[in-house]
Amino acid sequence: MDEDATALSVSIGARVRDLRHARRWTLDQLAAAAGVSRRMVVNVEQGTANPGVGTLLRISDALGVGLPALVEQPEPKRVKVTRRGAGAALWTGRAGGRGVLVAGTQPPDVLELWDWTLGPGDEHRSEAHTAGTKELIQVLKGAVTLEVADQSIVLQTGDAVSFPGDVAHAYANPRTKDARFSLTVFEPGVGTSTGTEAHSG
């Protein structure tokens, strides 16, 4: 991991540990609620893991806080500004793509705003999010292929789409040039149920 990624992992680990302690949960209880291994929870809390987006979302959902609460600095202000380049890069593709969480809201109805770049041949596959999750994409550059609900949809620059995020889906760039898109995820009712459904961006 590079220096920024290491700092982010350590920061996320501290927040996970604090939230787990606030709930008086053991490592095993959080692992069971999130549907991940105890070893993964330990590695995340120690900042030694580079977990995927899916794992972080499982943990944040289990803690009832939503992903933004794990990756953003807590601020008492009602208005939070994320300057260019300051978002949390939570996914890196083999061809240089990045999934960066640039803004988010607090529970119970969590909104996430992402800035995605997919290098040539990059693909991000996502398991189903929690029930009721919705996603919106607008392609800002290049072309993106969206796979959702047994459909494959090619989106060109300027195209937008909305779709249910509570089914498995994937974003891919089959072209030879970079693609960039904005992604908004709406996850209702975070922390209002005791289920262990998984959410992944």
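Predicted model: local features only at pLDDT ≥ 70, side-chain atom pairs only at ≥ 80, totals over all residues.
Figure 1. Residues are numbered from 1 along each chain as its sequence is written, and side-chain values use heavy atoms, with hydrogens and water left out. Helices (H or I, at least four residues) and strands (E, at least two) are DSSP runs numbered from the N terminus, and two strands pair if DSSP finds at least two bridges between them. Strand E4 (residues 123-126) runs antiparallel to E9 and is joined to it by four bridges. E6 also pairs with E9 in the antiparallel sense, over four bridges, and in this pairing Val148 has His169 in E9 as its bridge partner. Along strand E9 (residues 169-172), His169 and Tyr171 point one way while Ala170 and Ala172 point the other way, and all are buried, where buried means under 20% relative accessible area, exposed over 50% and partly exposed in between (1.4 Å probe, protein chains only). In a regular strand the side chains alternate between the two faces of the sheet.

Figure 2. The six strands follow the order E1-E2-E3-E10-E5-E8 with antiparallel pairing. Strand E1 (88-92) and strand E8 (160-164) each have a single partner strand and stand at the edges, so one side of each is left without a neighbour in the sheet. From one strand to the next the twist averages 25 degrees, with axes taken as lines fitted to C-alpha atoms, for helices over the stretch in contact, and angles running from 0 to 180 degrees between N-to-C directions. E1 and E2 are paired in the antiparallel sense over four bridges, and within this pair Ala88 stands opposite Leu101 in E2. H4 packs on the sheet, touching E1, E3 and strand E10 (179-187), and the direction of H4 makes about 130 degrees with that of E1; contact here means heavy atoms within 4.5 Å.

**Figure 3. Helix H4 and its crossing with helix H2.** The axes of helix H2 (residues 27-34) and helix H4 (residues 53-63) come within 8 Å and cross at roughly 110 degrees. H2 and H4 are therefore roughly perpendicular to each other, on a scale where angles under 35 degrees count as roughly parallel, over 145 as roughly antiparallel, 65 to 115 as roughly perpendicular and the rest as oblique. On the H2 side, Leu30, Ala33 and Ala34 meet Arg58, Ile59, Ala62 and Leu63 of H4. The residues of this contact divide into six nonpolar, no polar and one charged; Ala, Val, Leu, Ile, Met, Phe, Trp, Tyr, Cys and Pro count as nonpolar, Asp, Glu, Lys and Arg as charged, and the others, Gly among them, as polar. H4 is mostly covered, with 10 of its 11 residues buried, including Ser60 and Asp61. After H4 comes Gly64, whose phi is positive, near 75 degrees.

Figure 4. A nonpolar core is a set of buried Ala, Val, Leu, Ile, Met, Phe, Trp, Tyr and Cys residues joined through side-chain atoms within 4.5 Å. The largest one has 45 residues, and those with the most contacts inside it are Leu90, Trp114, Ile137, Tyr171 and Phe181. H4 gives the most to this core, with six residues. Not counting residues up to four places away in sequence, Phe181 touches a set of residues that includes Trp114, Trp116, Ile137 and Tyr171. Ala179 is placed in strand E10 and counts as buried at 0% relative accessibility. Although Ala179 and Gly119 are 60 residues apart in sequence, they are 6.5 Å apart in space, C-alpha to C-alpha.

**Figure 5. Backbone geometry in two loops.** Most residues other than glycine have a negative phi, and most peptide bonds are trans. The peptide bond from Pro107 to Pro108 is cis, with omega near 15 degrees, and Pro108 lies in the loop between strand E2 (98-104) and strand E3 (110-118). In the loop between strand E6 (143-148) and strand E7 (151-156), Ala149 has a positive phi of about 50 degrees although it is not a glycine, and at 48% relative accessibility Ala149 counts as partly exposed. Asp150, found in the loop between E6 and E7, has a positive phi of about 60 degrees and is exposed, with a relative accessible area of 89%.
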